[in-house]
Amino acid sequence: MKFKALYSFLNTDLTIIEQELEKTAISQHPLLREANLELLQAGGKRIRPVFVLLSSMFGNYDIQRVKYVAVALETIHMASLVHDDVIDDAELRRGKPTVKSKWDNRIAMYTGDYLLARSLEVITNIDDPLAHQILSRTIVEVCLGEIEQIKDKYRYDQSLRTYLKRIKRKTALLIAVSCQLGAISTGASEEIHKKLYWFGYYVGMSFQITDDILDFTSTEKELGKPVGSDLLQGNITLPVLFGLQDPSMKAEIEKITNETRPDEIQSLIKRILESDVIKRSASVSDKYLQKAFAILETLPKNRARSTLYSIAKYIGKRKF
């Protein structure tokens, strides 16, 4: 079953969110308008809005209220992608030119900043100080994560704890908060919205670890960028951390700099695929996924819960 088929009953409401997202992101300024239109047309899975919608069904569901939460979270995600592409000097995103490659770093940074500001403006439609506090703290954490990612590039002596903290800020936090704010916006109890936060956190950690695995196991066509791009960009992912535990592989990994070409790491990628690091990384991803399933078991039974389970299961079974 295709991913979008899992939540096809949300299509009408996702269309409303898409329309609201366009209204929010598109600026009157010609350059910002063009840059943000490119981002919107590039599409994406809209995973965060889906999590917002499903989690909001544990309260008094109202799409005209929930849409603001979904748009605020997706706008932050879009901003983080634009900033990421500057940090990584990335030319392509989903197989299409990035904002920084089409214009320049300065335009890209201000595009991302504009989107972050708009997310804070949109959330004011939700008359709940807790929602505002959570969203603003999330933006702070995401920005700190961006700074940490810069600091940790090509740093091969980092620990597993450093990696896990980084991917929490990079991916898991936005998914966790999507689940929590969706529930808060529809009046779900504190017990429910806190459980949904942890469900989203565990799913988000599993999702990012799986992405890091796919950077080695997928094809360039599937990734929309060269295989091993994270490694070339100096991002130390879980497979690389496990690879560094092998002395001979460690020596090869530590030779990689920002001047290394894609063809120069092909033999290393082959060694990684032939070793046990992919299996070990997948095991860590699965442990987070099992924690997410355990949280779901404690939530009220409804269509949203069963769909969240199906989505989490799908994430765990993406092709390695």
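Visitor: Which helix do Trp 198 and Tyr 202 both lie in, and how many residues apart are they?

Guide: They both lie in helix α9 (residues 190–217), four residues apart, about one turn of the helix. Helices here are DSSP runs of H or I with at least four residues, numbered from the N terminus. This is a predicted model, where local features need pLDDT of at least 70 and side-chain atom pairs count only at pLDDT 80 or more, while totals for chains, interfaces and linings use all residues. Residues are numbered from 1 along each chain as its sequence is written, and side-chain values use heavy atoms, with hydrogens and water left out.

Visitor: Why is the pair of Trp 198 and Tyr 202 called tilted?

Guide: Their planes are at 35°, so the pair is tilted, with ring centres 5.9 Å apart. Both residues also belong to one aromatic cluster with Tyr 197, Tyr 201 and Tyr 288.

Visitor: And what about Phe 293 and Tyr 309?

Guide: That aromatic pair is tilted as well, 4.8 Å centre to centre with 40° between the planes. Phe 293 is in helix α15 (residues 277–296) and Tyr 309 in helix α16 (residues 303–316), so the pair ties together parts 16 residues apart in sequence. Phe 293 is buried at 13%, whereas Tyr 309 is partly exposed at 35%.

Visitor: Switching to charges: which ring does Arg 303 sit over?

Guide: The charged end of Arg 303 sits over the ring of Phe 9, 3.8 Å from its centre. Arg 280 lies over the face of Phe 242, 4.0 Å from the ring centre. The rule wants NZ of Lys or CZ of Arg within 6 Å of the ring centre and within 35 degrees of the ring normal.

Visitor: Last one: which residues are buried in α6?

Guide: Among them are Ala 108, Thr 111, Leu 115 and Val 122. The buried residues of α6 fall within an arc of 165° seen down the axis, so they line one face; the arc uses directions from the helix axis to the C-beta atoms. On the other side of α6, Arg 106 and Tyr 110 are exposed.

Technical notes:
Phe/Tyr/Trp six-rings, centres within 6.5 Å; stacked < 30°, edge-to-face > 60°. Helix = DSSP H or I, 4+ residues; strand = E, 2+ residues; numbered from the N terminus. Buried < 20%, exposed > 50% of the residue type's maximum accessible area, 1.4 Å probe, protein only.
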